[in-house]
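Have the sequence and the structure open as you read.

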Amino acid sequence: MPVLVTQVHYALRCTGKRKPLLHESSSQSSVSACPGLFYHTPALDGTLLRVRIPGGLLNSLQSQVLADLATDYGDGHLYVTNRANLQIRAVETRLPPDRLQELQRFGLAARDPDLDPLRNIMTSPTAGIDPTERYDTRFLVSILDEYIQSRPDWAGLPPKFSVCFDGGGTVSVADRPNDISLVAIESSAGVLFRLRLGGEAGQLWDTGLLLQPEHCILMVIAISELYLEYIQHGGWRQDLALGRRVKVRRPRLRHLITAWGREQFLERAIEGSTVPVIRTIPTPLPCASTPSAHLGAHPQRQPEFSYLGIVLPLGQLSSGQMRELAALSETYGSGTLRLTPWQNLLIGDLPTEQVAQVRTEIAQMGLDCSPENYYGALMACPGRLGCAAAATDTPSHAVALAQYLQPRLSPPQPVSIHFSGCEKSCAQSLSSDITLLGTPLAGEEGSEGYDIYIQGHSNRETRFGHLLHEAIPAHQVPQVVEEILRNNPFDGQDNR
């Protein structure tokens with residue numbers, strides 16, 4: 001750790017002065033496709049705000065501040081995203097400067113508003129408590145976030161630029177689509193991190209490079225610098241225009257890798273990082289975690305302590321539930337809530353003998369901890385009430401499905417089900433066991449339906465899997481999905 005701290009502190013000193021706290025002319029007036037805190041992102045139900053939560057970690061004070069924000073400005077609910085961030089919806093007025101400054105003081109908004117969209121660092125929600133993990137990645141998340149805060153010029157990177165550190169534990173995020181992924185592995189030299197980079201259609205490219213933990217941040221910085229330089233260089237516009245069917249906008253990292261070629265890109269990244277690397281043969285991705293592996297009670301690496309995974313129906317909890325969970329984490333745990341990319345939530349550091357009591361109190365809030373709950377692996381985008389691109393009211397149809405299935409059919413293992421209002425698949429970038437793609441139905445105006453896809457059962461796979469049914473009316477979806485579940489032996493893994 002001391003080597004890493006020294007190297008990163010040196011990098012911080014080389015970046016110049018930071019910008020002041022809040023400034024009027026910053027992102028308040030900028031236009032971005034990605035929601036943030038400092039500018040308006042319109043939706044059909046009002047303005048959408050997104051709070052970047054590096055590593056998905058919230059302390060109890062931050063949780064209380066966000067609950068108050070949702071109550072005062074939103075619809076009284078908070079929504080966990082598939083990157084373990086939080087959304088506040090139906091906001092009708094711009095946040096005043098004093099409220100934005102409060103968020104900055106509590107570490108919930110970037111010190112420089114232009115950098116707010118880049119605070120998108122992912123790690124396992126069980127980092128530091130998973131008994132099987134090889135490395136506690138929370139420190140890497142914290143150091144990288146601090147470094148990003150010091151680099152105002154990194155606002156030139158696209159808002160979707162993303163970095164992931166996976167500690168190699170049971171609850172893995174190694175399969176999540178990210179521009180840069182570093183995954184801990186065991187080797188004869190101790191714990192090393194394998195570098196993977198984002199490719200087309202969310203696929204990850206294993207570079208075959210292994211790094212010492214203390215060199216990971218410097219490699220991320222080197223790759224990011226190459227990427228920023230490429231964006232600032234106008235030649236990429238021609239690269240993207242040459243038969244790639246890509247709109248000429250700021251390129252993604254994968255476009256740079258394609259333009260330069262993989263080997264040239266890696267050589268320049270290694271040269272820029274100035275750190276030693278070990279070259280190995282690229283390996284396949286590890287098996288993905290089952291969608292509900294984190295739910296329920298699990299022992300921690302700390303003896304006599306456990307963590308408890310809580311189901312949030314469609315990633316949603318009320319401000320009151322957020323306050324109660326924060327208080328619960330203070331009373332029984334370490335005062336930390338952990339958001340997951342499966343749109344659920346964990347409370348850790350619970351004395352094992354008190355887990356039953358905590359579960360009782362969670363049930364009194366109207367929440368559940370069971371891995372067999374259909375909501376545990378059920379995702380839906382905001383739907384047509386929140387997004388003009390959506391063809392269907394996905395949240396209400398997802399709720400109807402869960403309420404129909406729960407008393408009728410207990411799945412032998414968790415099955416991931418995804419409702420998407422359009423082909424952009426915003427709620428779930430990875431494939432699911434069952435995907436329901438919204439589509440308008442011919443005939444009666446405003447009628448809604450779904451094309452239904454399943455994974456792993458045909459050689460004719462599409463992005464969503466094998467198309468099993470077309471244009472099923474929304475009211476028939478529960479019965480059709482029940483039949484699918486009874487007749488298909490899903491294994492609970494994402495079949496990618």
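## The sheet

Two strands count as paired if DSSP finds at least two bridges between them. The model is predicted. In it, five strands form an open sheet in the order S3-S15-S16-S13-S12. The pairing is antiparallel.

Which strands stand at the edges? They are S3 (57-59) and S12 (296-299). Each has a single partner strand, so one side of each is left without a neighbour in the sheet. On average, neighbouring strands of this sheet are turned by 30 degrees against each other, direction ignored.

S12 pairs with S13 (residues 305-310) in the antiparallel sense. Four bridges join the two strands. At one of them, Gly-296 has Gly-309 of S13 as its bridge partner.

## Helices across the strands

Helix H9 (residues 319-332) lies across S3, S13, S15 (336-339) and S16 (345-351). H9 runs at about 25 degrees to S16.

Helix H10 (residues 355-364) lies across S12, S13 and S16. Its angle to S13 is about 20 degrees.

## The H2-H3 pair

Helices H2 (residues 60-73) and H3 (residues 97-105) have axes that come within 11 Å. They cross at roughly 160 degrees. Angles over 145 degrees count as roughly antiparallel, so H2 is roughly antiparallel to H3. The crossing is left-handed.

Which residues make the contact? H2 supplies Val-65, Asp-68, Leu-69, Asp-72 and Tyr-73. H3 supplies Arg-99, Glu-102 and Leu-103. By class, the contact has four nonpolar residues, four charged and no polar ones.

Definitions and conventions
Residues numbered from 1 in each chain as written. Predicted model: local features only at pLDDT ≥ 70, side-chain atom pairs only at ≥ 80, totals over all residues. Heavy atoms only, no water. Axes fitted to C-alpha atoms, helices over the stretch in contact; angles between N-to-C directions. Parallel < 35°, antiparallel > 145°, perpendicular 65-115°, else oblique. Left-handed = near helix turned anticlockwise from the far one by under 90°. Contact = heavy atoms within 4.5 Å. Nonpolar A, V, L, I, M, F, W, Y, C, P; charged D, E, K, R; others polar.
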